[in-house]
Amino acid sequence: MKADVLLGLQWGDEGKGKIVDVFTPRYDIIARFQGGPNAGHTLEFNGIKHVLRTIPSGIFRENSINIIGNGVVIDPVVVMSEIHALVKMGVDVKSKLLFARKAHLILPTHRLLDAASEASKGKEKIGSTLKGIGPTYMDKTGRNGIRVGDILLPGFKAKYDALVEKHKQILSHHNFEYNLGEMEPEWFAAIEELKAFQQIDSEHYVNEAMRSGKSILAEGAQGSLLDIDFGSYPFVTSSNTICAGACTGLGIAPNRIGNVFGIFKAYCTRVGSGPFPTELFDEVGQGIRDRGHEYGSVTKRPRRTGWLDLPALKYAVMINGVTELLMMKADVLSGEKTIKVCTAYNYQGKQIDHLPFDYSPELLTPVYTELPGWNEDLTGVKSPDELPASLHAYIDFIEKYIGVPVSVVSVGPDRTQTLMRKQVAV
Ligand code: GDP
Ligand code: IMO
Ligand code: MG
């Protein structure tokens, strides 16, 4: 068996959690491969709404194994609070959740460094979620990090102390007040609890699983335009959010990747700083924000909204090798008389159809095609045949531009509000 990958094609929050939950019954194993508690993946079913941060979105389904892969960065405090909430709901987390030994730990001082770095950037700040993601990946690549496997070894506390000493030195160069003593007790308490959970060498585990015929779905976090290499640098996250991240973040060889499911919203959103060519600053943008409840799942920050950006989507499809597209939140566009879709950019006096190196608003303006909208409420639609003709035309337009089929159309946050337009290749 090959492993399938499901990931976001925009700036995150595309609806990955919802679709992983919908797809989980077809898979034996769901695995997160990068990111950490900067993610907020929302699932809705049976009147329950739940937001997951580090734990894969397969956790609610019977018989699914959920792996937190080596490419993920873990805050023990956050993951333990996620676990407590799940246990309260009756989920047998201990038997279904496996931690990769090689996953790196977010220390309290990583969170402090994140906050100090953002504060020092002033207006140029990234708009980080302040969960310590950047500093933890910096320590990983700087070869200073502490990993999940370390917590069971005798030298753990000494490693922790040495790294914290380094962090204190860096913090002393910032005009930044902190009280580490207040943060450490809950961190060490969470580490003690974490010791009781199953640890694996994820590379051996997933390869053995595939060899014995088990199916795996790798769940991306963030989105392709936040990728450390291919996103709108420096306004990105600190990991490879793209398909290749599933290889390095789990130990899956590139030729063992099967289907790549790319998720996008019928429009665009972005939270945090950075360029956003199709951003709307008017009542249309506010309408999308209100109808789509576009406020951060964890931070509650208002998300910036704008029209669908096809050159950016095509770029994401290219670098991920997307085999099928899934369009989310089509219901949110209901009521727009006209829908605009960006098909090219005016860039320094020329029309181009690809994202340039720098796509700051001073350099680039979108070129739009206008398509007719629809008025129907889609949230109760049960079959793709019932979708309005202008939505079909919108999807056809996207498929033609991108050259990849749109298999799924999502018309609401619940599991059941998911329409299979085409047979999904699972
Ligand atoms: P993720 O980070 O990609 O998992 O996405 P988030 O959970 O951060 O944000 C997606 C939001 O949209 C959540 O509140 C979902 O419940 C909601 N959602 C997902 N699909 C749909 C949809 O088709 N329509 C509507 N109206 N909401 C949706
Ligand atoms: P999910 O998985 C949307 C954004 C932050 C910020 C930038 C860097 O729910 O789609 P970081 O904390 O990673 O250093 O922040 O990336 N960001 C996200 N935006 N969805 C996410 O995750 C995000 N994770 C990080 O807002 O602009
Ligand atoms: Mg999210």
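# Two ligands and their surroundings

The structure is a predicted model, in which local features need pLDDT of at least 70 and side-chain atom pairs count only at pLDDT 80 or more, while totals for chains, interfaces and linings use all residues. Residues are numbered from 1 along each chain as its sequence is written, chains are lettered from A and ligands numbered from 1 in the order in which they are written, and side-chain values use heavy atoms, with hydrogens and water left out.

## Around ligand 1

A backbone N or O atom of Gly15 is 2.8 Å from an oxygen atom of ligand 1, and for a backbone N or O atom of Gly40 the distance to an oxygen atom of the ligand is 2.9 Å. Arg303 has a polar side-chain atom 3.3 Å from an oxygen atom of ligand 1.

On its own, ligand 1 has 580 Å² of accessible area (Shrake-Rupley method, 1.4 Å probe), and the protein covers 94% of it. Helices are DSSP runs of H or I with at least four residues, and strands are runs of E with at least two.

## Around ligand 2

Ligand 2 is surrounded by 20 residues, with Asp13, Lys16, His41, Thr129 and Thr237 the closest. Its shell has seven nonpolar, ten polar and three charged residues. Here are some of its polar contacts.

| Protein atom | Distance to an oxygen atom of ligand 2 |
|---|---|
| Asp13, backbone N or O | 2.8 Å |
| Lys16, side-chain N or O | 2.7 Å |
| Arg301, polar side-chain atom | 2.9 Å |

The protein covers 97% of the 550 Å² of accessible area that ligand 2 has on its own.

## Rings and backbone

How many aromatic pairs does the whole structure have? A search finds nine (ring centres within 6.5 Å). The rings of Phe156 and Trp187 have centres 6.3 Å apart and planes at 20°, so this pair is stacked (planes under 30 degrees apart). Phe156 belongs to helix 6 (residues 156-172) and Trp187 to helix 7 (residues 180-194), so the pair links distant parts of the chain, 31 residues apart.

Most residues other than glycine have a negative phi, and most peptide bonds are trans. Leu130, which is not a glycine, has a positive phi of about 65°, and it lies in the loop between helix 4 (108-121) and helix 5 (133-141). The peptide bond from Tyr233 to Pro234 is cis, with omega near 5°. Pro234 is in the loop between strand 10 (216-219) and helix 9 (243-250).

Methods: Polar contact = N/O pair within 3.5 Å; in protein donor to acceptor, adjacent residues only side chain to side chain. Phe/Tyr/Trp six-rings, centres within 6.5 Å; stacked < 30°, edge-to-face > 60°. Near = heavy atom within 4 Å. Nonpolar A, V, L, I, M, F, W, Y, C, P; charged D, E, K, R; others polar.
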